[in-house]
Every structure is written in C-alpha cells, then in structure tokens.
Amino acid sequence: MAFRLLSPKNNKLVSVKLLSITPVRELATATPTYTRPLSAAGLFASGHMRNDWTKKEIKSIYDSPIMDLLYFGAKVHRENFDPLAVQQCTLLSIKTGGCSEDCSYCPQSSKYKTPVKASKLLDNDEVLVAARKAKEAGSTRFCMGAAWRDLNGRKSNFNKILGYVKEIRSMDMEVCCTLGMLDESQAKALKEAGLTAYNHNLDTSREYYPKIITTRTYDERLETISNVREAGISVCSGGIIGLGETPEDRVGMLHTLATMPQHPESVPINALVQVEGTPLEKQEPVSIWEMVRMISTARIVMPKSMVRLSAGRIRFSQPEQALCFFAGANSIFTGDKLLTTDNNDFNADQEMFKTLGLIPKPPNFDQGTSPSNKIKIDEVQEKQIQNIL
Ligand code: SAM
Ligand code: DTB
Ligand code: SF4
C-alpha cells in the first residue's frame, strides 16, 4: 500500500510504501478514503515506547490538526489505559509560603507580595486528618507540597514528613511529595518510608527556564529527578503552559521528558494560575486548544505515563475538560484547593464523572518499580519510522 505523507524535513509530499510497518502494532488508521497526507499525530501514534524522539518529530505532532490530535491521542490512550478511568488526587500544602526561590509563577515565593501567608510545617494530626478525608472523598493519591528550595538544614521537619509518608501509605493510597531539591540520601529515606512518587516539575524548556527562575538551574532540576529515579521512586515531572513561552519551549520540555532513559510515570500539565503580585499575574490565559495540544502530544510520545490535567482546570468548562480526557489525560486534582489557589468545586467534579461516564481510577503502587514504561526499542520498527521520514 502506498501512502502520501508530509515530510517534516522539507514539508513536501513524499510517497511511502507501508508494507512493513504493521508487525508490532496496527498502523494508526484504517486505509483512508481520502488522499490528504497522514498528519504526524497519526504517523507517530503507533504507541511505541521510544526515548529517541527528536524535537522535530515532537513539534510535528504538536502542530498536527486538533481533530487528529484528539483522535490519535485517544487511540494511544485506549491502547494503554482504560479511557474511562480517571484518577482523583488530593493536594495538601504542608508548608506554605516564604520560599527563597524566585519562580515567577509562584505565589509562595518570598520575593513577591502575594495573598499567600507563610506558615510552618503542618503537624501530624492536620496532615493525617486531611489524608483520611481525601481517601473518603475518593482520592487514591495524596500529594504533600512544601514551599522549599531543598531540605538542607530541615532534618527534624524531614523526619516528620517521613512519618507522614509511612502513615498515609498504610491507608492504602499512593503517596506523593514535592519538597524541592533532593539529594541521593534524602531520596532513599523517602523510598524507605514508602513514598510512591516524587513531583519535581521541569516547568518549561531548558532555554526558557532562566526567564522564569533564576535561583536554580535546569540541571539541578534534572539531578533531583535522577536521584528520585535511582532511589526507585516513581517520577512525576511535567510543567506549566502560559508562562509566555513559545510552542518550541513546550515541545522542548516534552522532549526532555520523553527522552529520559525511562519516561516519568506521571506528567502533570498545568495551565498557569495567574496570581496577583507574581511577575506573571498579567499573562494571557491559555486556550483549551493549547491544553489539548499539550495533552495529546504528551500522550503520544509517552504512551504509558499518567498525564495529569492539573492546575488551571478551574477555568475550563465540563465539555472542555472532556476534550482533555479524550485527548489522553487520566488524572485530576479534586478538592476545593490545589496548594494555595482555588480548585474546581468537589460536587461539580462528581457530577462531571457521572455526566461523562468516568470511573475513579484505583491506586497503582507498582509505579517506579514496574517495567511498564521502561523503553524497549524495537529496532526493526525504529528503522521503518526512520525510512518513512
Ligand atoms: N517547592 C517545590 C518545587 O518547586 O518543586 C514544590 C512545590 S511547587 C508549588 C510545585 C509545582 O507547582 C511547581 O513546580 C509548578 O509547576 C506548580 N505551580 C506553582 N505555582 C503555579 C501556578 N501559579 N500555576 C500553575 N502551576 C503552578
Ligand atoms: C503540579 O504539577 N501541580 C500541582 C502539583 N504538581 C504539586 C501544584 C499546582 C499548584 C498551583 C498553584 C497553587 O495552588 O499554589
Ligand atoms: Fe518555591 Fe516551589 Fe514556589 Fe518555586 S515553585 S517559589 S520552589 S514553592
């Protein structure tokens, strides 16, 4: 069978024989009844686990027509997950505000005058009561956030957090923390306490990072992610759109994530929440189509990762959120608050589950140890894709 494809190299139509692409998976579409070339979203939606993506390939997926992104994102999603199952997660800010970092989106930075009031680490009872409440409300993942650059000089607080992790894990929920930078021994201690996942976002591309944060480097971010991975903890890493970045920056961030030796098990996609007093308070809100592009592209290049529709969801209507789930998102944060900003109304979320026929996704404790998203490159398949391009 011959196909005409748009070559990402020179944007010209090339004729390609597709006789040999099918052995591992079906080709992305049935034989089309039209002659228009297959878009990159379709071309790369074979569901193969790859960590040798090029930026050009990812950009060509990102730029595909929205309807193709929706369709092929959904296809890859359905091949790897139950598309009706959406995980509900709960966030708790266990140590709020007063942070020494200058992340220009963040209301918790001490560099900016925002409505957030700094407070000390929450005590045992407050945290465990919140975790129990989250579980009763249907959450299967409990995420504790602290407004710290790192844990240095915080030994007693860190020991308390290790205790919280142990207790919450015994409630049969996934436990995630986001506490800033970790060294190897801190990552190991969290693993021993039973931590399921550690969230450490790249936020944007390496190139745009210094425009957003000047108090740490991209490499420091990657170093923590590597310490988390080495300790056998599941990696949660994604970013924010709407920081004033270009589409190339979004693609750059996805490229860094999708070319890691093992894809992060969890990829949160946040839309900037513009908070008064932060340097980004006047940023233009991102559109639903930008969210869909980001979610579908993440789903296609990291087929087995949980793609989390995260901050900024409050601005999206139910039909808009449905598009995100269709495109490949399979997790949301529920509860009235994210860390410091408002989240969607809890009852409205439960109504949305009913209306869309969604079902709560059970916890997955294998993450980080499961081989499911380790990359096994199929060399034959790889050559076929290269030949097409
Ligand atoms: N201090 C730790 C750190 O930076 O990794 C953990 C807490 S920090 C608040 C966790 C993540 O929340 C950030 O990496 C960022 O992606 C996200 N975030 C913070 N403020 C946000 C905002 N205004 N809008 C969207 N996402 C935001
Ligand atoms: C992530 O990527 N988004 C969550 C979670 N990981 C920790 C945090 C969103 C924070 C939004 C701003 C706030 O509420 O302070
Ligand atoms: Fe601090 Fe994290 Fe906020 Fe940056 S994102 S200012 S490190 S709490």
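Biologist: Which residue of E11 does Gln87 stand opposite?

Modeller: This is a predicted model, in which local features need pLDDT of at least 70, side-chain atom pairs count only at pLDDT 80 or more, and totals for chains, interfaces and linings use all residues. Residues are numbered from 1 along each chain as its sequence is written, while chains are lettered from A and ligands numbered from 1 in the order in which they are written. E3 and strand E11 (residues 331-333) run parallel and are joined by 3 bridges; strands (E, at least two residues) and helices (H or I, at least four) are DSSP runs, numbered from the N terminus, and two strands pair if DSSP finds at least two bridges between them. In E11, the residue opposite Gln87 is Ser331.

Biologist: Which residue of E12 is the bridge partner of Val86?

Modeller: Strand E12 covers residues 359-360 and runs parallel to E3, with 2 bridges between them. The E12 partner of Val86 is Pro360.

Biologist: Is E3 largely enclosed or largely open?

Modeller: A residue is buried if 20 or more other C-beta atoms, placed from the backbone, lie within 10 Å of its own. In E3 (residues 85-95), 10 of the 11 residues are buried, so the rest of the structure leaves this strand largely enclosed.

Biologist: Which helix does the chain pass through from E4 to E5?

Modeller: E4 and E5 run parallel, joined by 5 bridges, and Gly145 is opposite Thr178 of E5. The β-α-β crossover from E4 to E5 is right-handed, and its helix, residues 155-169, is H5.

Biologist: How many residues of E5 are buried?

Modeller: Strand E5 spans residues 174-178 and is mostly covered. One side has Glu174, Cys176 and Thr178, the other Val175 and Cys177, and all are buried. The count for E5 is therefore 5 of 5.

Biologist: Which residue of E6 is opposite Cys177?

Modeller: E5 and strand E6 (residues 197-199) run parallel, with 2 bridges between them. Helix H6 (residues 184-193) makes a right-handed β-α-β unit with E5 and E6. The residue of E6 opposite Cys177 is Tyr198.

Biologist: How many residues of H9 are buried?

Modeller: Helix H9 (residues 247-258) reaches 16 Å from its first C-alpha to its last, close to the 16 Å expected, where the expected span is 1.5 Å times one less than the number of residues. Its buried residues, including Arg250, Met253 and His255, pack against H2, E8, E9 and H10; contact means C-beta atoms, placed from the backbone, within 7 Å. H9 is largely enclosed by the rest of the structure because its buried count is 10 of 12.

Biologist: How many charged residues are in the shell around ligand 3?

Modeller: Cys99, Glu101 and Arg149 are among the residues surrounding ligand 3; a residue is near a molecule if its C-beta atom, placed from the backbone, lies within 6 Å of it. Ala, Val, Leu, Ile, Met, Phe, Trp, Tyr, Cys and Pro count as nonpolar, Asp, Glu, Lys and Arg as charged, and the others, Gly among them, as polar. The shell divides into 4 nonpolar and 3 polar residues, and the number of charged ones is 2.

Definitions and conventions
Contact = placed C-beta atoms within 7 Å. Right-handed = clockwise from strand over helix to strand, strands pointing away.
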